[in-house]
Amino acid sequence: MSTAIFGMLTSAGIDPLLFVLQTGVLETVLGPLFWVLDLWSGFVGWLGELTGLEVLAYGFMHRAILVALCIGVMAPLIGTFLVHRQLALIGDALAHTAFAGVAIGLFLNAVIDLGVTPYLTAVVVAMIAALLIELISEATDAYNDVSMAIVLSTGFALGSTLISLNAGGLTVSVNQYLFGNLSTVTSQSAAVLLVLFVVIVVVVAITRNQLLYVTFDETAAEVSGLSVSWYNRIMVMLTAMVVVGAMQIMGVILVAAMLVVPVAGAAQVSRSFTESLFVSVILAELAVLIGIGIAYYAGATAGGVVVLVAVVIYVAAVVVGKLQTAVGEQSTPAVGSIDAERDASSD
Amino acid sequence: MSTEHVSEADRSAPPENVEPVIDLHDVDFGYTATPVVQNIDLRIDPGEYVAVVGPNGSGKSTVMKLLLGLLEPDSGTARLFGEPAHRFDDGERLGYVAQHASASKEMPITVREVVKMGRYPHVGFGFLWAEDKRIVDDALATVGMSAFANRRITQLSGGQRQRAFIARALAGEADLLVLDEPTVGVDAESVEAFYDLLASLNDDGMTILLIEHDLRAVTEHAERVVCLNGEIYFDGPTDEFVDSDALAQAFGTAANLGEAGR
């Protein structure tokens, strides 16, 4: 890594601004994470030798598996708060604007030799777009389909235009961004993902009460003194982070599925909110691990396989949920509302 | 319930200098240039049981939002517990029960988890401790929902669900309970049980403000009626309201209790 930076610096003639961007901030912040990545890689490699699994023998798979594990936690974590407010579409809109961010990153790398992972510019652009969507919805008093569709297509159009302009100077395949790719997860982008992961988990852990209240009953939350608009802003910013983090493997087009499908599955089998959070994480982890395993051995696109596995798991959850309801009704036939009401009011 | 409510019951006949819970003075408000409500004067003292009635589009919900501080008056003043309503930040003193929550119907959440939300303004970013859990259990018991605490809220009947929301307000140790057409879609028998619960909470000192379309419910249960249609047509004891012609004025000449109270 350091030799690469040295090479870039000499070729760029040591521009002080670039120097700060490339080494000062990014390398200092990500430095310890590269060490974590090395540790992880060693661990998975050892696991691979132990089990004899070929899939665990390659460095790129070590990073891909780590990224996948993080996606399996953060996507349903955020998705749970979105799905139950019928905001599933916002993930899709932000993923498409993140694509514009990728294009800007590639463009800057080609023009001024910025040398940062395009996922970093994608985070910035997606978070700005998230804030815009939220501010528009506050001004118009509704999340509306039309404004979200406009943001979605604008982002994607901007992305594709920039990339087509770029194509002359740099041979870039956008497939890895559109569809995700296991083998292109670099150390730098994995480190960026780890930062996003920690931020998301910490923020949700701190604001879990408020996010739940706002999700369940926005007006009551506001009456109780919560600043609903601030928590909505936090929520969309976190969504932008998740989407970009998950994009590396899932791709722009399919990333929103990880916010929605495991959550929908968990809702079928869970009774409480806490339970549904844990179940959705378990379902998502199953989907990503089984998915990238199959994708590796079948040589298929990881994003597509992961989503297909997630959908299969969802269907299974629906069946289990129906069975649970049927069994529940058999064992407690007296749950009829009127009778239950009488029982309850007598105590 | 809590000792707070008992102490309020002691001053159930408020002296002249008592601080009103709600105090709207000469309030005008419109979403556009056309005012929705005008010249609203409304004072509610601790321990009162007041119903706001009016036909659809009469500005009932607007008045509710104004007095809860969700909207700011174009002119006039709106005060909650003595503070300007839109800057009121003691949210746990308010309990709010709507027709339904905003979340999707598929959201998995138990009755207990909903009632715990009442403690959130008290604990902030922290955790619910044993004392909070005891208060939640007490609130569940008060509304008769202890047996349903771990049931998914979507599996409840309409009446049970509304009692869970009242329990949430009780868990927050609210002094004022505001209910926005709480019995829409609730079966008749549960409606009776629901109003019995409100009456007993009021007996314990809870100030209750009921926003209601159903006139019969109002005349049978509330002590004081405010009749609204853009402006206040009537404000006084319920039996005077029944005898007055405010109803005909506000709802139109053809209205009477039998017809308007669906």
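## A walk through the two-chain model

Where the two chains meet, 32 residues of chain A and 36 residues of chain B take part in the contact, two residues being in contact if their C-beta atoms, placed from the backbone, lie within 7 Å. Helices here are DSSP runs of H or I with at least four residues, strands are runs of E with at least two, and both are numbered from the N terminus. The largest share of that side, seven residues, belongs to α8(A). Sorted by class, the side of chain A that touches chain B holds nine nonpolar, 14 polar and nine charged residues; Ala, Val, Leu, Ile, Met, Phe, Trp, Tyr, Cys and Pro count as nonpolar, Asp, Glu, Lys and Arg as charged, and the others, Gly among them, as polar.

Keep in mind that this is a predicted model, in which local features need pLDDT of at least 70, side-chain atom pairs count only at pLDDT 80 or more, and totals for chains, interfaces and linings use all residues. Residues are numbered from 1 along each chain as its sequence is written, while chains are lettered from A and ligands numbered from 1 in the order in which they are written. The model scores ipTM 0.87 and pTM 0.85. Chain B has a mean pLDDT of 85, with 89% of its residues at 70 or more; pLDDT is the predictor's confidence in each residue, from 0 to 100. Residues 1-13 of chain B stay under 50, and the model gives them 21 contacts beyond four places in sequence. Residues 254-262 of chain B are also below 50, with 12 contacts beyond near neighbours in sequence. Where pLDDT is low, the predicted coordinates should not be read in detail.

Back to chain A and α8(A). This helix packs with α10 (residues 228-269) of chain A at an angle of about 150°, their axes 9 Å apart; axes are lines fitted to C-alpha atoms, for helices over the stretch in contact, and angles run from 0 to 180 degrees between N-to-C directions. That makes α8(A) roughly antiparallel to α10(A), since angles over 145 degrees count as roughly antiparallel, under 35 as roughly parallel, 65 to 115 as roughly perpendicular and the rest as oblique. The crossing of the two is left-handed, a term for the near helix being turned anticlockwise from the far one by less than a right angle, with clockwise being right-handed. Among the residues that meet are A:Leu193, A:Phe197 and A:Ile200 in α8(A) and A:Tyr231, A:Met235 and A:Leu238 in α10(A). The contact of α8(A) with α10(A) has 15 nonpolar, six polar and no charged residues.

Now for the sheets of chain B. Six strands make an open, mixed sheet in the order β6-β7-β8-β3-β9-β10, where two strands pair if DSSP finds at least two bridges between them. At the edges stand β6 (94-97) and β10 (231-237) of chain B, each with a single partner strand, so one side of each has no neighbour in the sheet. On average, neighbouring strands of this sheet are turned by 15° against each other, direction ignored.

Within this sheet, β3 (residues 49-53) of chain B pairs with β8 (residues 207-212) of chain B in the parallel sense over five bridges, and with β9(B), also parallel, over four bridges. B:Val53 has B:Glu212 as its bridge partner in β8(B) and stands opposite B:Cys227 in β9(B). Next along, β9(B) and β10(B) run antiparallel and are joined by six bridges, one residue separates the two strands of this hairpin, and B:Gly230 takes a positive phi near 80° there.

A second open sheet in chain B has four strands in the order β2-β1-β4-β5, with antiparallel pairing. Its edges are β2 (37-44) and β5 (83-84) of chain B, each with a single partner strand, so one side of each is left without a neighbour in the sheet. Two bridges join β4 (residues 75-80) of chain B to β5(B), and B:Leu80 has B:Glu83 as its bridge partner in β5(B).

How does α2(B) relate to the strands? Helix α2 (residues 60-68) of chain B lies across β3, β6, β7 (176-180), β8 and β9 (224-229) of chain B, running at about 155° to β7(B). α2(B) also lies across β1 (22-29), β2 and β4 of chain B, at about 125° to β1(B).
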